[in-house]
Each structure stands twice: as structure tokens, then as C-alpha cells.
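Subject: Structure for your files

Hello,

Here is the structure I said I would send. My notes follow below it.

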Amino acid sequence: MSSQRASTPDESVREISRAVRDGERSAESVTRAYLDRIDALDDRVGSFLTVDRDGAVEYARKLDRRREAGATLGPLAGVPVAVKDNLCTNGLRTTCASRLLESFVPPYDATVVSRLRDADAVVIGKTNLDEFAMGSSTENSGFQPTRNPWDLERVPGGSSGGSAAAVAAGFAPAALGSDTGGSIRQPAALCGVVGLKPTYGRVSRYGLVAFASSLDQVGPITYDVDDAALLFSVIAGPDPHDDTTAAPTATNGSESSPDADRSDLHGLRIGIPREYFPDSLPEDVSLPVRAAIDRLRGAGADVREVTLPHTNVAIATYYVLANSEASSNLARFDAVRYGRRIEHDSDSLAMMAKSRSAGLGPEVQRRIMLGTFALSAGYYDAYYGKALAVRDRLRADFESAFDDVDALVAPTSPLVAFPLGSKVSDPVSMYLCDILTASANLAGIPALSVPCRDAHPLPVGLQILGPRFSEERLFRIGRAHEELSAAPLPRSPIAMASAEGDAS
Amino acid sequence: MSASDWEAVVGVEVHLQLATESKMFCGCPVRFGAPPNTLVCPVCLALPGALPVPNALAIRHAIRVALALGCSIHRESRFDRKNYFYPDLPKGYQISQFDRPFGYDGALELPSTSAFAGHRIRIRRVHLEEDTGKLIHDADPRQSVVDLNRAGTPLVEIVTEPDLRDADEVYDYLRELHLTLSYLGVSDCDLEKGSMRCEPNVSVRRRGATELGTKTEVKNLNSFRHVRDAMRYEVTRQIELIESGGSVVQETRSWNPETGRTAAMRAKEEAHDYRYFPEPDIAPITTSEAELDAIRSELGESPAARRARYLETLGLPSEHADVFLHDPAMAALFDATVAEGADAKAVAPWIVGDLQRERNERAERNASTDVLAIAPASLARLLALVADGTLSTALAREVLTAVLDSGESPDRIVEERDLAQISSADALTPAIEAAIEANPRAVEDIRAGNDKAIGALVGHVMRTTKGKANPALVNQSLRERILGA
């Protein structure tokens with residue numbers, strides 16, 4: 001181990017960056033400590049597809065040299081960050097957990113990755129996901145499943161399961177994920193960490209390998225809300241490389257300062273969407289969420305029930321739109337310019353078909369076929385066209401709810417972490433994992449998942465949703481939720497294990 | 001049945017490569033002839049994660065084209081994806097426009113100089129899209145390779161309604177379209193280089209029929225003459241096919257200029273379902289009334305308006321008007337000279353004839369002088385000197401050459417060279433007297449009624465005045481002096 005004190009997973013992004021900026025610790029020692037943990041423990045979890053040992057240490061040393069030369073390091077000084085493997089990293093393999101891209105090395109950084117680097121973060125490695133982010137358990141990876149650090153026989157959720165598990169296991173203090181229908185929030189909930197799906201357009205998608213362009217957003221996964229807010233402030237903002245990015249306007253971007261009493265919620269109206277608490281919601285989810293809502297009310301929030309009447313068609317709408325866009329977005333993986341090619345003598349179209357059939361997994365092929373069908377002549381109006389119209393209704397549901405309340409609170413996932421393999425043969429039951437999260441993507445609004453600390457034995461996420469560009473308000477409610485919890489932030493068994501391997 | 005019982009129905013798609021510095025959705029340069037795959041980036045290579053950002057100038061150019069063709073403009077336009085697999089199409093879809101193109105419902109009127117004068121060819125749509133790469137089949141014996149330098153080049157597509165009825169009408173439409181587009185400065189409109197591509201589709205039907213026949217699309221047409229020839233061939237082929245009991249197959253056919261025939265490109269046309277849907281990576285594009293006004297104000301005079309001005313307002317003969325219509329530099333000099341007060345009909349032959357001759361001569365000896373850079377005021381002054389009798393036409397040509405060589409004003413050259421025409425009878429008297437004295441025989445002949453004999457006397461006067469005498473005045477003075485009339 002390094003001569004300096006090894007990082008323990010209790011450290012926050014804020015503590016690490018402050019210590020590195022102040023020269024109390026070197027970026028290299030921090031990076032090595034996390035790499036040691038990964039080396040010792042990740043074979044149990046399987047959260048990383050690529051660990052950039054040499055690159056991370058070299059980058060950390062560069063930061064240390066800059067600091068020694070008198071430079072003031074950035075807001076993420078020396079903070080190791082795990083990056084979902086559907087975000088392009090210059091010179092570092094980016095596979096999307098697909099066999100087809102097994103050896104693809106991008107020549108450029110995604111905008112969010114270059115913003116991390118500009119803030120002096122250290123990209124420590126690339127995390128596992130459902131292939132091309134299509135799934136809710138990370139079991140659809142073309143390479144390996146990822147296990148939940150709370151219970152290794154259970155899934156971490158997905159598709160950002162590798163990122164959520166890495167943070168929950170103490171392999172990195174922060175990670176980036178992507179969320180198309182819940183892929184940041186649901187694994188954050190199942191792994192007991194914080195995950196933010198920002199407002200559509202708030203964070204650049206340039207370099208995020210597209211699944212469904214009108215729904216995808218990149219966001220942070222961290223231990224706590226303050227760290228999520230810090231990472232968000234680094235990665236957010238308009239990008240000339242992404243035409244769909246937007247800046248908040250003066251009227252919708254302001255929020256009270258976080259220095260105010262963090263647990264005082266007087267004057268805040270919180271809506272509880274009736275449809276997000278169906279009778280079928282299991283008690284291990286509903287009880288901690290209701291307890292959290294009671295605490296928010298106790299802190300002064302005006303809590304009232306609201307309705308989002310189109311919630312029951314959200315999941316169907318989501319799968320039509322997401323798969324339609326995916327069928328087009330994934331057409332570029334034709335093995336002509338990059339990607340694993342299966343040679344074929346007859347013609348280039350046959351080569352493409354063979355390469356795609358061999359390189360893309362069954363769930364990806366299923367979604368491409370569903371999306372192709374939904375866009376086909378004669379079916380467009382019934383499927384894609386209708387889904388677009390329903391999407392407008394869903395947006396209107398949220399707009400009218402936000403006329404009456406400042407934010408909505410609900411469970412993130414209808415289920416706690418489920419056993420590996422329990423849903424793989426039933427795609428529809430897997431699709432229903434997104435039932436409480438997909439609406440936010442369809443409406444383009446931000447949503448934050450924070451752990452309910454009193455959930456036991458498996459983590460449960462509290463989801464906080466707000467109008468477009470209301471991230472600061474979500475952070476405020478999330479912080480209040482953290483302050484109001486009597487219990488300390490629980491840690492997964494893997495996170496409690498030391499790199500020497502004293503936990504079994 | 002004879003061919004005259006049939007009519008052709010033709011619609012034309014034209015693709016125009018825009019002359020922008022950079023590609024449609026990325027910053028790569030647009031350039032012809034660079035080494036393969038050197039003008040590429042993550043966006044036009046369709047690397048994972050790359051996103052398109054629309055080129056604002058290309059959009060402005062597309063709206064210019066749409067306005068110049070009289071189109072209505074969608075205030076909110078958007079891009080759509082056209083999905084199909086092909087090795088020269090990196091993303092597996094082309095970013096194009098489906099139901100919200102920039103321009104729709106326009107028309108182009110065929111010019112008064114056309115046999116189809118006044119025909120309005122309706123323009124269905126003007127939209128913006130990106131070009132594909134190029135497959136190269138002869139670089140490697142074992143496989144085809146692809147050059148993606150062209151991928152992502154902005155293309156404007158201009159689609160007519162099936163309003164054309166004759167191969168010559170198609171030809172005239174394309175010529176007028178080419179002229180109209182070349183005035184906009186948005187493309188070099190070069191058919192040889194492929195920056196303007198024409199894809200007509202053609203069917204035939206019995207005269208009087210209202211329903212359309214089965215159409216074929218013809219490709220590989222890199223000149224307007226090829227288009228005309230291919231249309232003639234294809235119309236005849238279709239008529240003969242139907243009359244001999246066959247039927248037209250909907251297919252794409254390729255024109256072979258060597259054989260003068262079209263041939264099916266594929267044995268059987270695949271039914272394409274392009275699965276168009278709105279491009280989610282690009283926000284809808286709104287164009288305000290103010291922006292439209294700004295673009296409109298940059299359009300300048302259209303060829304149709306210019307043609308009307310030259311022929312009808314200024315009364316130019318059509319051969320002069322035609323030269324100016326196709327030569328903007330000459331037209332600019334012409335307009336500027338007229339603006340200096342010169343008579344339009346007098347200026348035109350000087351520019352089309354004399355200046356053009358000077359231009360050719362200088363080009364032959366590789367002189368760099370740009371004859372069209374002559375100051376319009378100088379040209380106007382030269383014509384005024386001819387009009388008021390100061391210069392003969394022959395001397396004016398000499399002055400013109402001197403003006404072009406020296407850049408001096410015509411007045412200065414006339415003065416330096418003492419070229420002013422002698423137009424006063426008094427000033428001519430000594431030369432007249434000398435001519436009569438030196439040619440008694442001619443004088444006798446004239447008095448005897450042989451009018452032609454005056455030529456010798458006029459020649460004498462011109463020699464002694466070094467050509468400066470006004471020939472009409474010399475003629476008149478001699479007659480007065482000899483015949484006393």
C-alpha cells in the first residue's frame with residue numbers, strides 16, 4: 001500500500017478534492033488507494049470493464065506536479081471518477097458492453113469526460129452496463145454481470161449498474177452514468193447511492209454513445225447529495241457540440257442558497273403523485289418512502305397529493321420511442337469503419353448483417369427490431385406517431401402538477417434489488433422496472449434518487465422530481481432528506497471490506 | 001398510333017452542393033480532390049457518440065434558394081432521418097428533411113427566349129440534406145473501399161412537380177434553374193464536378209389522359225444535353241414498349257452517352273422503406289420574419305427580372321441581353337455605364353463587341369489586364385465623345401485600347417494624341433481647297449455627274465487631316481464647294 005493513509009470509502013468528493021488541493025494528500029496516493037481496492041475486490045462485484053491503472057496514476061502524478069509548481073487545482077482535484085463505458089474516452093477502450101465494440105478505442109473525449117479532466121478529476125476506469133444501456137439489471141452486458149455490493153446474489157440495477165455498484169463498493173467516490181428511462185436513478189436506488197438524471201439538455205450528450213437521443217442524459221452517481229451537486233456543476237452547461245443543450249433562463253435557474261438551514265422546508269410545496277403508489281407497491285419500498293415523506297412534512301413542507309393521469313401509458317410510450325430512436329442510432333454499427341467485422345464474400349450488406357448478428361446481443365437485437373417495426377411504413381402513425389402524441393400529454397401532466405407544487409416525491413424503483421437471473425427470461429417484467437422513472441425522461445425534467453437510510457436490508461431510493469432546470473431545488477430537498485434521517489448513511493458490506501480482503 | 005398521340009410527363013430532382021467552407025453537420029472543410037479520408041472527423045465518420053450540429057450558413061443558403069424559386073418558407077423547419085444501410089452512408093441514416101422542408105410550393109417560369117416561354121414549372125419542395133461518401137471499386141481487386149471526404153457535404157434538393165412535357169422543356173427548365181442558382185452565389189453549380197446533379201423521372205401517357213404512367217428515374221447525367229438526349233431516348237423507349245404490348249417497369253436507369261441509350265441499373269428495384277422520423281439530435285429551426293427579410297434583401301436581381309429589364313425596359317437586342325445574363329461581370333459594367341448616363345443600346349455593342357475583343361486579344365498574349373475593370377465613367381465618356389462627333393468610331397476604338405492600356409481618361413488621350421475630329425467647316429477649308437487643287441480631274445468628273453469620283457477627294461482630305469476630319473462634313477463641304485449647292 002502507499003505510504004500515505006489509504007483512502008477509506010467514507011471519504012466524500014469534497015474531502016478528497018480539498019485535501020489534494022491543500023497538499024495534504026497527493027492525487028497519486030488517492031488514486032492508488034482506490035486502484036488497490038478495485039484490484040482486491042472488484043472480481044466479486046464486476047463493476048469495471050476496463051481499469052486504467054497506468055493512465056490514472058500518470059494523470060494523478062501530473063496533477064501533483066502541477067500543484068507542486070504552484071497551480072491551484074480544480075474543484076475535483078485528484079478525485080477518482082468511474083465512467084460508464086458508453087461515454088467516449090480518448091485513447092481508452094469504450095465498448096458499451098458490446099462484443100461488437102470490444103476493441104473500439106475512441107480518438108476523442110466525450111464533453112462530460114473532458115469537463116471532468118478540466119476540473120482535475122482522475123478517470124480511473126470504465127464501468128459495466130447493459131449493452132448499449134439497454135436494460136435494468138446490467139445482466140445484458142456482453143462481457144459480465146455486475147453484482148450488487150449489498151448482496152452479491154442480486155443485481156445492482158441498470159443500465160448504469162457498474163457505476164452505481166462501483167460507488168456503493170467504495171471503488172470510486174463518484175461515477176458518471178447515463179439515464180434514458182431510469183438508468184442512473186434505478187441502479188442508484190438499488191445500490192443505496194445518490195443518482196441524478198438532469199434536465200434534458202442541461203448536460204452535453206456529445207461522446208455519449210446514443211441509445212435514445214431525445215431521452216438520454218448523463219448524470220452523476222455519488223455517496224451524497226452535495227457530491228452529486230458538485231459533479232453536476234462541473235459537467236453541466238451548454239456545449240457547441242450538442243445542439244440540444246440549453247442554459248437555464250434567469251427565472252427558472254435560481255434557488256435559495258444551500259447555506260440556509262438545510263432541513264427547513266417551510267414554504268415548499270411537495271406533491272405526492274397518486275399513480276406512483278399503486279396497491280401493488282411492496283412494503284419494503286413503500287414504508288421507507290412514506291417515512292421519508294413524513295419527515296419532509298415535519299420539516300415544514302406543504303405535502304399534498306397530486307395526479308399524473310397518463311402514468312399508466314408512460315412505459316409503453318417510452319419503449320416505442322426509445323426503441324425507435326435506438327433502431328436508427330445503432331445503425332452506424334455496421335462494421336465498415338470500426339467494430340468487429342465478420343467477413344462475407346457476397347456483398348457489403350451481407351457483411352453488415354452478419355457482423356451485427358454476431359456482435360449485438362439478444363436484447364439489443366430485440367429492441368432494434370421493435371423500433372424498426374414501430375417506424376415502418378403503415379405502422380408509424382399507430383406506434384411512433386401515437387407515442388409522440390402521448391409524450392405531449394405526459395409533459396402536460398407534469399406542467400399542470402407543477403402549477404400546484406414545487407416538486408414531486410415518489411419511490412425510484414417499484415422493487416428492491418432482485419436476484420440475478422430472476423427476470424432475464426421475461427423482458428416485459430424487466431421493462432416494468434422503469435415504470436416510476438421513464439416519465440421524467442419523456443417529459444425532459446430532472447429527477448434525483450437519494451437513499452432512504454432506514455431501509456433494511458436492501459436499499460430503497462426516494463425519487464425527487466422537479467420542473468425543467470430545477471436541479472438546485474432537488475438538491476435542496478435531497479439534502480433536507482439526508483439531514484432529517486436519524487440513521488447515518490449505511491455502507492455496503494463490500495465498501496466496509498478493506499483492500500487486504502478482511503471481509504469475505 | 002403515332003408518337004404524337006403520346007405525351008411525356010417529367011419531374012426533376014436537382015441536388016446542389018453548397019459552396020460552404022465547412023460540412024453540413026461538422027467543421028470539416030468542403031473540398032474537392034483531397035486525398036481520401038483526410039477531410040473527416042468523429043461526426044462525419046459517425047464514430048460512436050458523435051453528434052451533428054447544423055451549419056447556419058448552409059441553412060441560410062437553402063432559404064435563399066427556396067426564396068429565389070418563389071417558395072413559401074416553413075417558419076419552423078426541422079431535420080429528419082432517412083434510414084438505410086449502405087457502406088457510403090456512415091451513420092446508417094442520412095440527415096434530410098421530410099415533412100417540414102425549408103421551402104415548399106414555389107415555381108420557376110421558363111423565359112421569353114424559350115420555346116416554352118411562360119410555362120410555370122411548379123417547385124414542390126426545397127430541402128437541405130447531407131451528401132454521402134464515395135465508394136471506390138477499382139482501387140483494390142479484392143474489395144471496394146470508401147472515401148468519406150464528401151460525406152456530410154451540404155446538399156440542397158430541388159424537386160419539381162411532374163409539370164414538364166417535353167425533353168426540350170426539361171432542357172430549358174434546367175438552363176433557367178442553373179442561371180437562377182448561379183446568381184445566388186451559393187454553389188459553383190458545376191455539373192462536371194457533380195456539384196449540380198439532375199435526376200429526372202419520366203413516364204408517358206396517351207394525350208388527354210389524366211393518370212400518370214409508371215415512371216423510370218434516370219441517373220448519370222452530367223450535362224444538360226445529356227439530360228435532353230436521355231429524355232428523348234427514354235420517352236421513345238417507353239412509347240415503343242407500351243405500343244408493342246409491354247409495360248414500363250419502375251426502376252432506376254443509367255444513361256450511357258456513348259451508346260445514346262439508358263439501361264436498367266439494377267435488375268429489380270428494391271422497395272425502400274426509409275422509416276423517416278424527426279432527427280432528435282437537432283433542435284427545430286425557426287426562421288423569423290426579420291431573418292427572412294434579411295435573406296430576401298441579399299437575393300439581388302433575379303435572371304428573370306434582369307432579362308425583363310434588358311429586353312423590355314432598355315430595349316436591348318436579345319443577343320446582347322443574353323450575353324449579359326450569363327456574364328455577371330459584363331452585366332455589372334453595362335449597368336454601371338448606363339448609370340453614368342450612357343445610352344443603353346449604344347453601350348451594349350461596345351461591351352459585347354469591342355471590350356470582348358480586347359479581352360480575347362489580351363488573353364491570347366497572356367496580358368493580365370482586366371478589361372472589364374475599365375471605369376464605367378470612362379466608357380460612358382468615350383461614348384459621349386462619339387455621340388457629339390468628337391471621335392469617329394474608328395478613332396474611338398483606338399482611344400478605348402489606350403484607355404485600357406494606360407488607365408488615362410478618354411479626354412486626356414484625345415488631347416495627348418490630338419485625335420479630336422475636325423467638325424467645323426471653317427477649320428476644314430484649307431484641306432478642302434488643297435484636295436480640289438490636287439485633283440482637277442475628279443472635280444471635272446463630279447461636275448459631269450459622276451458622284452463616285454468624290455471618294456478620291458474625301459480620301460485626300462482625310463490623309464491631310466490624319467483621319468480627324470468628320471467624313472460627313474468633308475463630303476458636304478466638297479459638294480458645296482464644287483457644285484455650289
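Contact here means heavy atoms within 4.5 Å. On that basis, 41 residues of chain A and 34 residues of chain B take part in the contact. This is a predicted model, in which local features need pLDDT of at least 70, side-chain atom pairs count only at pLDDT 80 or more, and totals for chains, interfaces and linings use all residues. Residues are numbered from 1 along each chain as its sequence is written, chains are lettered from A and ligands numbered from 1 in the order written, and side-chain values use heavy atoms, without hydrogens and water.

The interface: chain A and chain B bury about 2800 Å², 60% of it on carbon and sulfur atoms (accessible area, 1.4 Å probe, that two parts lose on being put together, summed over both). On the chain A side, A:Asp243, A:Arg332 and A:Arg337 lose the most area to chain B, together 23% of what that side buries.

One salt bridge crosses the interface (a side-chain nitrogen of Lys or Arg within 4 Å of a carboxyl oxygen of Asp or Glu). A:Arg205 forms a salt bridge with B:Asp281, with 3.1 Å between the closest N and O atoms.

A:Tyr319 and A:Tyr431 are stacked, because their ring centres are 4.1 Å apart and their planes at 20°. B:Tyr274 and B:Tyr276 are edge-to-face, at 6.2 Å and 70°.

Regards

Definitions and conventions:
Phe/Tyr/Trp six-rings, centres within 6.5 Å; stacked < 30°, edge-to-face > 60°.
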